[in-house]
Amino acid sequence: MDPGYGSRLERPGHQPQPEPPPAAPSSRWAPLYQSGYAGRTEQPDRQDPYAPPERSAPPEGLAPPERSAPPDRQARSDQQVHPGQQDPPPSRGRRHRRPVEPQPEPLPDPAAGRLPASSPAPVTGWGASIPASSAAASAPADAQPPASGMPPARDQLPVRRAGSAPSPDTLLIRRTLAEIEPVADKATSYFYALLFIRHPDLRSLFPVAMDTQRDRLFKALLTAAEHADDTATLTEYLSHLGRGHRKYGTLPEHYPAVGECLIAALTRFAPDTWSEATEAAWVRVYTTVSQIMIDAAAEDEQSSPAWWQAEVVGHELRTRDIAVVTVRPEEPYPFLAGQYTSLETPWWPRIWRNYSFSSAPRSDGLLSFHVKAVPAGWVSNALVHHARPGDVLRLGPPAGSMIVDHTTDNGLLCLGGGTGIAPIKALVEDVAEHGRRRPVEVFYGARHDDDLYDIDTMLGLQRSHPWLSVRPVVSDGPTRRLSGQLTHIVREYGPWPAYDAYLSGPPGMIRSGVDTLVGIGIPSHRIRHDGIDELTTSSTGRG
């Protein structure tokens with residue numbers, strides 16, 4: 001559970017300290033307030049359906065906890081509640097501001113260097129998660145950063161080509177990252193501890209269990225900082241983050257608070273490389289990072305809500321641990337076949353997991369997801385074993401670039417492993433709806449015959465479309481189908497010179513698939529899949 005950073009519970013032998021006043025944002029972050037983004041979440045004339053419906057009887061072991069409910073949402077004795085459920089999140093008209101019960105946990109002591117005993121696993125490979133840019137930006141000659149510590153206006157920032165000589169700021173930042181990497185777990189814990197002590201109001205924006213979130217946010221900040229010279233890639237990556245952070249309730253004034261705590265953590269854990277020049281470089285880069293995210297959120301706010309509420313209207317258990325969940329959004333939800341979204345359940349507020357759409361956009365507006373319950377997966381187990389028609393989920397904005405290029409006649413080579421067949425099915429439907437007879441070759445991989453839970457659907461599509469070929473592949477156990485590793489079978493059926501490749505499945509399958517396809521001559525720019533880090537919290541990963 002959450003270590004309860006910022007707790008002020010009295011403990012034996014512990015003399016409580018007075019609460020320090022929240023640190024005022026430094027004037028160096030002033031440009032971050034020059035934005036039209038208000039972080040609005042109000043939706044007029046909207047009801048709040050975000051609560052589980054009435055049930056005839058809760059499953060054994062899922063009795064609702066004793067708590068008083070608000071007058072407009074009284075808890076019912078026959079209402080199903082997942083273990084660890086908190087009060088349902090507020091409607092979109094109110095920001096997440098629920099208090100979190102503090103836990104007796106040591107506080108960081110800046111003087112003595114003590115950190116909370118509970119630290120996340122070490123974060124390794126800084127900068128590995130940023131996606132490759134689809135195009136490098138053309139730019140004038142590299143310009144030197146300003147000498148002062150104040151960041152320049154955004155329109156004065158130099159535009160750099162990917163692969164060009166690193167700027168002085170980037171060199172300073174990379175030296176800091178190299179020193180931080182061996183102690184990344186401690187730096188991450190200290191960063192969040194400091195953030196929640198100085199700004200306790202921000203704690204309610206984060207999930208109760210911080211093990212995944214600690215790594216994700218801090219790593220994203222450092223990833224963006226390390227790629228500061230690649231303007232096109234940085235803007236694409238950060239714009240996606242900025243739009244996605246709207247669902248958490250992130251506001252422009254939160255960025256300076258995060259920046260101050262980031263600088264404090266770096267100062268503490270990178271003493272050998274830290275200097276006034278290094279701090280000025282980090283301030284400039286962080287200001288650029290924040291402004292891109294704020295601007296993207298402001299633009300997105302003009303046309304899209306921060307999240308969509310969707311009622312579960314179908315729940316089909318395909319195997320003992322795989323379910324097809326169908327929902328009806330209360331508002332139109334625009335997306336493209338091959339994309340994914342993030343889901344939040346009422347049983348685990350503020351914990352979001354990524355799931356791919358299993359169909360192309362439908363005329364009835366329904367959305368379907370293939371969900372596999374994984375060990376210790378809070379969200380996946382709730383969706384597979386406890387969600388029922390009438391439950392209300394939240395959807396984040398659509399994301400992902402694994403979409404069909406309809407401007408070419410190239411064939412599609414699709415590799416789907418496990419529940420990774422879901423977006424592959426959506427791609428097949430998308431090709432069919434566009435009416436062009438492009439060859440589509442699908443290799444559907446699983447460990448055992450019984451794991452091919454959607455094979456009947458895929459073979460039905462094959463019977464309907466002569467341009468589609470579906471080949472099931474089983475890696476373990478006896479089978480009458482193709483037997484072996486999925487990537488080996490794909491290599492045997494190759495080469496594929498006139499095909500664009502699409503991969504969806506566990507991260508290990510994605511890595512080996514990309515290596516195989518590049519090895520048989522498919523250019524990397526014609527191989528599409530979502531980022532490995534995104535996969536680790538998707539339906540094909542953990543959660």
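I began by settling terms: helices (H or I, at least four residues) and strands (E, at least two) are DSSP runs, numbered from the N terminus. This is a predicted model, in which local features need pLDDT of at least 70 and side-chain atom pairs count only at pLDDT 80 or more, while totals for chains, interfaces and linings use all residues. Residues are numbered from 1 along each chain as its sequence is written, and side-chain values use heavy atoms, with hydrogens and water left out.

**Sheet.** I then traced an open sheet of 6 strands, ordered S4-S3-S6-S1-S2-S5 with antiparallel pairing, where two strands pair if DSSP finds at least two bridges between them. Its edge strands, each pairing on one side only, are S4 (352-356) and S5 (367-372). I followed S5 to strand S2 (residues 322-329), with which it pairs in the antiparallel sense over 6 bridges, and found that Phe369 in S5 is the bridge partner of Val325.

**Two positive phi values.** I checked Arg350, in the loop between S3 and S4, which has a positive phi of about 70° although it is not a glycine. Arg350 is buried, at a relative accessible area of 5%; buried means under 20% relative accessible area, exposed over 50%, and partly exposed in between (1.4 Å probe, protein chains only). I also checked Ala376, in the loop between S5 and H7, whose phi is positive as well, near 65°, and which counts as exposed at 74% relative accessibility.
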